[in-house]
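Here are some notes for a colleague opening this structure for the first time. Please read them with the model on screen.

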Amino acid sequence: GGISLVDATSLGIGRDPKALARISRATGLNIIMGGSYYVPLAHPTDMDHRTEDQLMEKIVRDVTVGVDDSGIRSGLIGEVGNFHPLTDNEIKVLRASARAQVETGAPIMIHPGLNDWSPHGILEILVEAGADPKNIVFAHLGMAIWDLGAMTELAQAGCFMEFDHLGAYEDSSIRYMGKWNDFAASDEQEIEKVQFLVEKGFGDQVVISHDANFKHQLTRYGGKGIAHILDNIVPRL
């Protein structure tokens with residue numbers, strides 16, 4: 001029943017505009033392509049020397065003109081990648097992304113650090129640079145925030161609250177950056193956080209996703225697949 005797919009693949013991690021266009025034309029699916037820069041591990045090697053203005057101009061051009069000479073435009077500023085605590089380059093990317101939002105009106109999608117208050121620090125930087133909280137999506141909140149007070153405060157700022165990884169950790173685990181995860185939320189835990197926000201009156205700010213970016217998440221390799229939300233999560237909700 002889905003009609004659109006948001007591909008939040010950003011710069012440095014294999015974004016392929018022409019492939020997305022071929023898939024869209026072949027299937028009739030509306031695909032919204034991401035932009036901006038991911039976590040420092042995926043930054044350009046000369047990121048220390050790139051200015052905030054240069055980063056902003058690249059993001060704006062992707063949204064308004066298109067990627068390189070493809071004519072294929074981004075519809076999303078992100079997924080903007082961050083760890084905790086933030087590095088100088090991450091702050092530079094956040095400010096450039098915020099300024100690009102002012103220029104284009106495109107929404108910003110944030111990958112926060114794994115800390116209850118990481119999104120709040122990121123939001124402060126974005127707003128100071130001109131971004132509109134009501135046009136910002138904070139992803140991965142199922143595992144990024146466990147403190148319900150911090151969750152409520154972020155929602156009160158007007159941001160969209162994204163709960164993803166649905167289907168990823170219900171009955172499997174993953175090793176990330178050399179460590180077995182001890183931070184992932186199961187589908188049940190994510191649903192409970194969604195229920196909490198709905199009961200607090202923030203239901204209109206909730207978005208859900210699957211973040212299916214590993215082979216083991218796809219049905220071909222035994223995972224729940226990208227129809228998991230519509231097939232299984234919606235009935236549970």
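1. Helix α6 spans residues 148-156, and its buried residues are Ala150, Met151, Thr152, Leu154 and Ala155. Buried means under 20% relative accessible area, exposed over 50%, and partly exposed in between, with a 1.4 Å probe and protein chains only. Helices (H or I, at least four residues) and strands (E, at least two) are DSSP runs, numbered from the N terminus.

2. The model is predicted: local features need pLDDT of at least 70 and side-chain atom pairs count only at pLDDT 80 or more, while totals for chains, interfaces and linings use all residues. Residues are numbered from 1 along each chain as its sequence is written, and side-chain values use heavy atoms, with hydrogens and water left out.

3. What covers the buried residues of α6? The cover includes the helices α4 (118-128), α5 (141-144) and α7 (187-199), together with the strands β5 (136-138) and β6 (160-163). Contact here means heavy atoms within 4.5 Å.

4. Both ends of α6 deserve a look. At its start, a side-chain oxygen of Asp147 comes to within 2.8 Å of the backbone nitrogen of Gly149. After the helix comes Gly158, with a positive phi near 100 degrees.

5. His165 sits in the loop between β6 and β7 (175-176). With a relative accessible area of 6%, His165 is buried. Its side chain makes a polar contact of 3.1 Å with the side chain of Asp164. A polar contact is a pair of N or O atoms within 3.5 Å; within protein, one must be able to donate a hydrogen and the other to accept it, and residues adjacent in sequence count only if both atoms are side-chain atoms. Setting aside neighbours within four places in sequence, His165 touches His140, Met143, Asp187, Glu190, Ser209, His210 and Asp211.

6. How many salt bridges does the structure hold? There are seven, a salt bridge being a side-chain nitrogen of Lys or Arg within 4 Å of a carboxyl oxygen of Asp or Glu. Glu52, Asp53, Arg95, Arg99 and Glu128 are joined in a network of them.

7. Asp53 is partly exposed at 38% relative accessibility, and Arg99 is partly exposed at 23%.

8. Lys58 and Asp62 form a salt bridge at 3.2 Å, N to O. Both residues are in α2, four residues apart, or about one turn of the helix. An α-helix has 3.6 residues a turn, so residues three or four places apart point the same way. Lys58 is partly exposed at 24% relative accessibility, whereas Asp62 is buried at 2%.

9. On a 1 Å grid over the protein atoms alone, a cavity is a set of points where a 1.4 Å probe fits but cannot get out, and lining residues have an atom within 4 Å of a point. The lining consists of Leu166, Gly167, Ala168, His210, Ala212, Gln217, Lys224 and Gly225.

How values were computed: 1 Å grid on protein atoms, 1.4 Å probe; cavity = no way out; pocket = protein on both sides within 12 Å on 5 of 7 lines; lining within 4 Å.
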